[in-house]
Amino acid sequence: MKRRDFIKTALTGVASLGATQLTSQFAPFAQLRAETTSQPRWFKGNIHTHTHWSDGQDLPEVVVDEYKRRGYDFLSLTDHNILRDERLRFDGFGMNYAPTDPAPFKGETSFWKRVADHYAWPNLVDAHIQVAKDRFGDDSVRIIETKDGKYVRMKTEKELQSQFAKAGKFLLIPGFEMTAPNIHVNLINVEKEFYLDDPSMRDLIVKLYDYAREFYADAKAPYLFTVNHPLWQYYNIQPSYLFTRPGIRHIEILNNNTSWAYLPEAWTPERLWDIVNAYRAEHDEPLLYATGTDDSHGVVRGDYLAFHSRTHVLADRLEAGALFDAMNRGRSYISTGLEFAEITFDGKTLAVRLDPKLEGEYRIEFVGAKKDFDKTVKYLKTGNDDKNTPERVVECWSPEISQVLDVTSELEGSYTLKPDDLFVRAKAYRVGAGCVNHGSAYALSPLSADSAWSQPYRQGDVF
C-alpha cells in the first residue's frame, strides 16, 4: 500500500470526528537540563521523524540510536496522532492488531504491533526486529507469541529517555504529528495529543493553532507548533492562509518525504516563505521562520533519505525551552549539509560565514522582498488529472516577490538593508552539488545537496 492511500485509510475512522481530543495518560517526566554555557553554541537536530509507533519502518530505539550516532544533539519522534505512553493498545493511525485472545497481554503496557510476513507500508517484519537485537541484544525486544501471530512491544518515551538522553549531550523531546487528511502539524514537547479536522483547509490551519493554544494552556513546559510540508498533499497550504496568523511562527520548508511536481505558475516552498513574509513585514507582523526536517520513515533502509535535512539552533543550553526561545527569535538555520560558522544581524546588516566540509565553489545569495512588491495574485484550478494530484485552486503570486538582493562567491558576506527592503535572508550552496532526494519538491532552488538557509530578518530585529 502506498503512503497516500494508507493515510486515507488511516483517517477514515477519525475524519468525521470533528474537534475530538485524544487525551493520553502520558506521565510527566523530568526534562533534562544542562548548565548554561558562557557562550551560545549551535545545536543540530531533527523535529520530524517516524517509528513503528505509527508508519515508520524501524523500531523507536533504532531510530533514536541512528540520530545519536550521527552527532545530532536533539531529536523529536513525531508519530502520527500518537504519543509513546504506557497505555496498553493494539491500534493507531489506521492499524488494528487486536488479538483474538487478550489474555497473554494481561499486565502488559505500551503499543504492540503484530509481525507481518512481508515488507509493506506500514508493516513490521522480522528484519526490523533483528536490527534492534543486533544492536541492543536479544532480550532488548519484548515479544509475545499468540495464535494470531508474533507481537512486538514498542518502547515508550520514558524508556527511550532513560536509554538515550544525556544532559547537555543528547536531548529527546516528546512530540507527535497531528495528521488530518490534508494538513499536518507538529506539536513538540507535549504530554497529550489531540485530533482536529475541518473540510476547509484554510479554516483548519487557523483552528489548529487556536485549539493547540487552548489545549496546552496549562502545560508546565513550552511547546513548539510547526506547520508541516505545505505541499502535502499537492498545494494544501496557500500563502494567504498564513497572512494574518502572526502566532504561527514556524513552517517546514525542507522536507525529504514528498515528490510532488511543481506548477511553473505557482509557488515553491521557498517562494511561499517569501510571499508570507513580504505580507507580514508590510503589516508589521512577526516573520515566519523555517524549519528543516527529513520526515524520515526509515533510517536503516534509507527509503526517505534520512539525515539530509535538519535544523541548527543557536542556544546557550540543550533544553527544549532554550531551543524554542532561540527559534522564536530567528536564531536558527536549516541545512541539507552545508553549515554556517556564524550568522549575525545587528538590526540592519545580515552577515554570514560558511563552514564548508567539502571542497568546491560556494555561493551566498541575499534574498528578500521590496516594499513595492507586486500584490497581483491569480488563481489556477489544477489537479484531479490522476490520483496523485487532487483538485486544488492554487494562488499564483508574482515570482518577482523573491529577489536576489546581492550575491558573493566568497565564504562570507553581508548585506545591509536598504530603505525599500522588507527583509533579507541568506541562502548558501555548493555550486553543482546535485539534487536532494532525486528532484524532490522539497529540495529548494538551487537543488543542492549541500545548502543552508538563514532565517529572514527585517529592520530593527534583534538576533
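Student: Which residues do ring pairs link into a cluster here?
Tutor: That cluster is made of F176, F194, Y211, F215, Y216 and Y223. Keep in mind that this is a predicted model.

Student: What lies over the face of F215?
Tutor: K192 does, at 4.5 Å from the ring centre. There's another case with an arginine: R70 sits over the face of F307, 3.9 Å from the centre of that ring.

Student: How many aromatic pairs does the structure hold?
Tutor: It has 26 of them. One is F105 with W112: the ring centres are 5.2 Å apart and the planes meet at 70°, so this pair counts as edge-to-face, the cut-off being over 60 degrees.

Student: Are F105 and W112 buried or exposed?
Tutor: Both are buried.

Student: And what about F366 and Y415, what kind of pair do they form?
Tutor: A stacked one, with 6.2 Å from centre to centre and 25° between the planes. The two residues are 49 apart in the chain, so to speak from distant parts of it. F366 belongs to strand β18 (residues 362-370) and Y415 to strand β22 (residues 412-416). F366 and Y415 are buried too.

Student: New topic. How many helices and strands does the protein have?
Tutor: 7 helices and 24 strands.

Student: What share of the residues is buried?
Tutor: 59% of the 463 residues.

Student: Last one: what percentage of the contacts with a separation of 6 or more comes from residues 24 or more positions apart?
Tutor: Those account for 73%.

Note on methods
Residues numbered from 1 in each chain as written. Predicted model: local features only at pLDDT ≥ 70, side-chain atom pairs only at ≥ 80, totals over all residues. Heavy atoms only, no water. Helix = DSSP H or I, 4+ residues; strand = E, 2+ residues; numbered from the N terminus. Buried < 20%, exposed > 50% of the residue type's maximum accessible area, 1.4 Å probe, protein only. Contact = heavy atoms within 4.5 Å. Phe/Tyr/Trp six-rings, centres within 6.5 Å; stacked < 30°, edge-to-face > 60°. Lys NZ or Arg CZ within 6 Å of the ring centre and 35° of its normal.
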